[in-house]
Structures are given as structure tokens and as C-alpha cells.
Amino acid sequence: MSTDTRAPNQETRGAIELTLAMVLSGTLGVFVIESGASPFNVVFFRCLFGTVTLGLYCLVRGFFKNHGFTARKLGLAALGGVFIVFNWAFLFESYERTSISVATVVYHTQPFYVMLLGALIFRDRLTAAKFGWLGVAFVGLVLVAGVSASDLTGGGDGAYLAGLGYALLAAVFYAVSTLITKRVTGVRPHLVALVQLVLGIFLLLPFTTLSQTRHLGADWGWLIGLGVIHTCVMYVLMYSSYQKLPTPKIAVLAFVYPAVAMLMDWAVYGHRVSLLQALGIPLIVAASLGINLGWTFRGRAAKQAAASSAGGATTGATTSTATATAGATTAAAAAGETAEPKIEIKSGGTR
């Protein structure tokens, strides 16, 4: 009896935690732009301040005891960190060349690169439904990108086209990091994230122009916020929520992030997506949910099942249940990848 009443409360708490984490993710672009720092400087200080605050959190919670790291796991976490750190740099560069809205939506195509890379590297099976959702996502991406013929022939804004490229590259790096880091098992995701942040400090130092920080003044607050709010606080909320929520809710709530990002882009900078771009957004959302939740294109099959006999309907229901269970298992694995930074965002995940 007590277990039944506690579970809904835990799920509600998890939903609140993940929603807050995604809202914070949606404000990340404003902090990046308002800091006035270059993308590499922004990532460097995000890693620096994030290391301090997340490290203190892990110390207070006693996570360093029985950490579970081996040399192999530490190496994999570090390798995943290389891709996640440069993923941030490319995404932040895309903010400046396109807009927060466009960059965020394009960046949210990352689940499809995880799927494709998984098929190429680990021989994961690609079903007809997955190919179908990939096609839907591609159409949505083309619409959201808003690229005209003049952009492709050199007559348009080359910076905008480059910005789209940076967003796509960031999504690919995110996907590679996901596939690497998901193999780090038996280690708290907070510690995996901490390893990646520490690595980022040393990895980005050669690309950082520290002399530029002398003129930041009050803008230091934006950089500190990225480390404290968008790294430590956001990660703690995400990883806590993943333990309490079923996969479908994680997949759906992840889209609070791009929704808030677009709202902030409009409210702060007056950026609006065009009607054509707006048509592409629900296609990417539907395709991402279809991949994560194992949706299939079964309109005709559903009609045939409804017209079948009672016995056939029972058999069909059993088969449908098995299929749904398999899809949920696959989606849960994807959520597990997200829960271990990086990990997906997915699609929640390390942002």
C-alpha cells in the first residue's frame, strides 16, 4: 500500500526536476551570448566553474567513495569528454551565426546520429520504421534550416550557412560522446560529468584567450552562471529525475528545452522563426519521439487488427504488447545513455 502511494509522488517529483532542468537548458543560449565571450572562452569557464561546484557537490554527497572507476572506464569517460566539450564550443558558435532558436532545433537532431552511428559502429539493426522517422526528421531539418538557393550558390549569408554546419557538427559530436560514454557502467553520472569537465579545462586552455576576460566586468556573472546553474544544478536535477521517471515522460519532457530556448530567443532578442521553419519543428519533434519510443507506421495494420476475430485480436494484442515492451526497453536504454553524461540529451542529457 505504501509503495503504491509513494511511486506517484516520486514520479511527480521527477517530472518537476526534469522540467526545471530543461527550463534551465533553454536559457543557456542567453547566458552564452550575454557573456560577450568567445565560444571557446565560454566553454573553458563553464568547465572551470562547473568543476568547482559539481566537485563540491560530489564531495558533500560522498560520491568519491567507492567511485567504481577503472582505468578503462576512466579512459572512456575522458574520450567521451573530448567530444562533449567541443560539442559545446560548436553549439555556442552556432548561436552567434544563426540564432538560438534555429541552432537549438537543428541540434536536437542528435538522436538520429546516435542511431546511425550505432548501426555503423555496433551493427545495431535499423528497422523500416527507423528509416521512416529518419526521413521525417530530414524533411523537418530542411524546413527549419531555412536555407535558400542563394545560400548554396554563395549569394546569401555565408555565416548563417556556417552556423548551421556548426550546429550539425555539435549534434554529431554529442552522438559520438553518447555512444562512448554509455559504455561507462557502474559509475555515478555525476562523476563521469566531473571527469569530462576537468578534462575540458586542460583541453581548451590552448584555445582560450584569457586576455579578453579583463574587459568582461559584470559579464563574469553570466560565465559563473553557466558553470553553477547550467552545469552543476542542471546535471543534479537531470540525473535525479531519470531515476524516478518512465522513458516516455523523459522523452516528452526533453522538448521543454527547445521550447524554452525559442521563447527566450523571441523575448530577449526578438528572433522569430518563419512559417516555413515552424512547419519543420513538429516533424523533428515527432521523429525524435518516434525513435525514442519505438513508434511504428501501422495505420493499415491497425485497421486489419480491428476487423479480425476475437481470437485473432487477442493474439494481436499480445504481439502488440510484446512490441511495445521491446520499444520501451530500447528507449529505456537510450535514457540510460542520457543519464550518464553523455549521454541526450537526449535526448536529454549533457548540454
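Residues are numbered from 1 along each chain as its sequence is written. In this predicted model, local features need pLDDT of at least 70, side-chain atom pairs count only at pLDDT 80 or more, and totals for chains, interfaces and linings use all residues, while side-chain values use heavy atoms, with hydrogens and water left out.

The chain averages a pLDDT (the predictor's confidence in each residue, from 0 to 100) of 82, and 80% of the residues score at least 70. Among the helices (DSSP runs of H or I, at least four residues, numbered from the N terminus), confidence is lowest in α16 (residues 310-339), at a mean of 38, and highest in α3, at 96. Over residues 1-6 the pLDDT is below 50, and this stretch has 0 contacts (heavy atoms within 4.5 Å) beyond near neighbours in sequence.

Helix α10 (residues 189-204) packs against helix α11 (residues 220-242) at an angle of about 150°, with the axes (lines fitted to C-alpha atoms over the stretch in contact, with angles from 0 to 180 degrees between N-to-C directions) 10 Å apart. The two helices are therefore roughly antiparallel (over 145 degrees) to each other. The contact is made by P189, H190, A193 and L197 of α10 together with T231, Y235, V236 and Y239 of α11.

By contrast, N66, found in the loop between α3 (39-61) and α4 (71-97), is exposed (over 50%), with a relative accessible area of 81%. N66 has a positive phi of about 50° although it is not a glycine.

Notes. Buried < 20%, exposed > 50% of the residue type's maximum accessible area, 1.4 Å probe, protein only. Parallel < 35°, antiparallel > 145°, perpendicular 65-115°, else oblique.
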